[in-house]
Amino acid sequence: MTIVEEILRAKTGKAVIRNVDLIYAHDGTMPLIIEAFRRTFTRVRNPERVFIFFDHVYPAPTVKVANLQREIREFAREQGIKIFEGYGISHQVVPEEGLLDGAKIIVGADSHTPTLGAFGVFAVGMGATDTAIALGLGKTWLKVPESVRVNLEGRLSKNVMAMDLMLRLINLLRDFDMNYKALEFFGNLDFPIDEKMTIANFSVETNAKTALLDNGIFEGDGNYLREITIELGEVAPLVALPHHPSNVERAEVVTQKIDQVFIGSCTNGRLEHFRRVAEILEGEKVSVRTFIGPASRRIYFQMIEEGIAQILSEAGAVILPPGCGPCLGRHMGVAGDGEVILSTTNRNFKGRMGSPNAEIYLASPVTAALSAIYGEITNPEDVL
């Protein structure tokens, strides 16, 4: 069976109803979930397995947002649901706080819930109505997706990161319909867990329903819709040009001055990423606005303990509160008209980080850190 078939205990294409082991949502999606929930239900079925995170727009920057967050708190108290405020991004905090323990099927009210596939679980993002139903019933309905198998061989070179690998993969799949399909990764998965989460997280941008990493646990001997092999040693530093993550070009041929750099988010805001960034920025100075967004407070604590926070601050970067930060264009580093942003996030659509007239480029933390120094998109292979 494929990994998905093994976890869901059903063959591809079959419709199944399964108990959900973990449900979570955040301050951005919870208001609509509450509205949908109250139309049908009065009580959450398993509140001890439901969690809410304030991570998207936190602390509240406007009265409207503050009022919505107040409503969420009231619902959580009524239903006996735990809220994590100030802990960081949901996808990072779930495994850090042990909430994933024993879970195999996860529903999250956020498109990047498949980040948890790095741990070999079936995690899917769902909309407000589907999440509300899962809250009320403790179950969900779904069709077992077909899977695409990705074999990774060799090793990435020194200046190449998981983000570059995923930019390569999304470019390979740009003309392939991944709608309601899963990506399953096999082969050399000898990455730090921080980079494994980047792989699972960015898989969503291929339009996949979910992604899972083998980690030596599963057979992976089922019928795959397609099989792709990537030689890791051949992956170069890459950049996604506006206005889509699949619009990929080699960093060495991209010539673009930038106004702002953001290093963080649920894609590249973990400790391993900031260690690499600190290696580059130590003793240097950034020449453009540079914001650092730790994915969680535990990561921030470790950045302080290892001296990373001081190195980044002395280089002129601004460290933001743990959370999504500028990624979704709501606060803490909104892009202005005509500005050019280089980001380690997962989306560069028009208006994603602020003004629809801004241009967003995506790259790895290594490429972003070097570019922050030089004030233009810089190929790591040229200077490291």
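The lining of the second largest cavity has 9 nonpolar, 1 polar and no charged residues. Here Ala, Val, Leu, Ile, Met, Phe, Trp, Tyr, Cys and Pro count as nonpolar, Asp, Glu, Lys and Arg as charged, and the others, Gly among them, as polar. This is a predicted model: local features need pLDDT of at least 70, side-chain atom pairs count only at pLDDT 80 or more, and totals for chains, interfaces and linings use all residues. Residues are numbered from 1 along each chain as its sequence is written, and side-chain values use heavy atoms, leaving out hydrogens and water.

The structure holds 2 cavities of 30 Å³ or more. A cavity is a set of points, on a 1 Å grid over the protein atoms alone, where a 1.4 Å probe fits but cannot get out; lining residues have an atom within 4 Å of a point. A volume is the space filled by probe spheres set on the points, which are joined across faces, edges and corners.

| Cavity | Volume |
|---|---|
| Largest cavity | About 60 Å³ |
| Second largest cavity | About 40 Å³ |

Residues lining the second largest cavity include Tyr-24, Met-30, Phe-51 and Thr-131. β2, α2 (30-38), β3 (50-54) and α5 each give two or more residues to this lining. Helices (H or I, at least four residues) and strands (E, at least two) are DSSP runs, numbered from the N terminus.

The lining of the largest cavity divides into 6 nonpolar, 2 polar and 3 charged residues. Among them are Asp-21, Arg-45, Arg-49 and Gly-138. β2 (22-26) and α5 (128-137) each supply at least two residues of this lining.

Note on methods: On a 1 Å grid over the protein atoms alone, a cavity is a set of points where a 1.4 Å probe fits but cannot get out, and a pocket is an open set with protein on both sides within 12 Å along at least five of seven lines; lining residues have an atom within 4 Å of a point.
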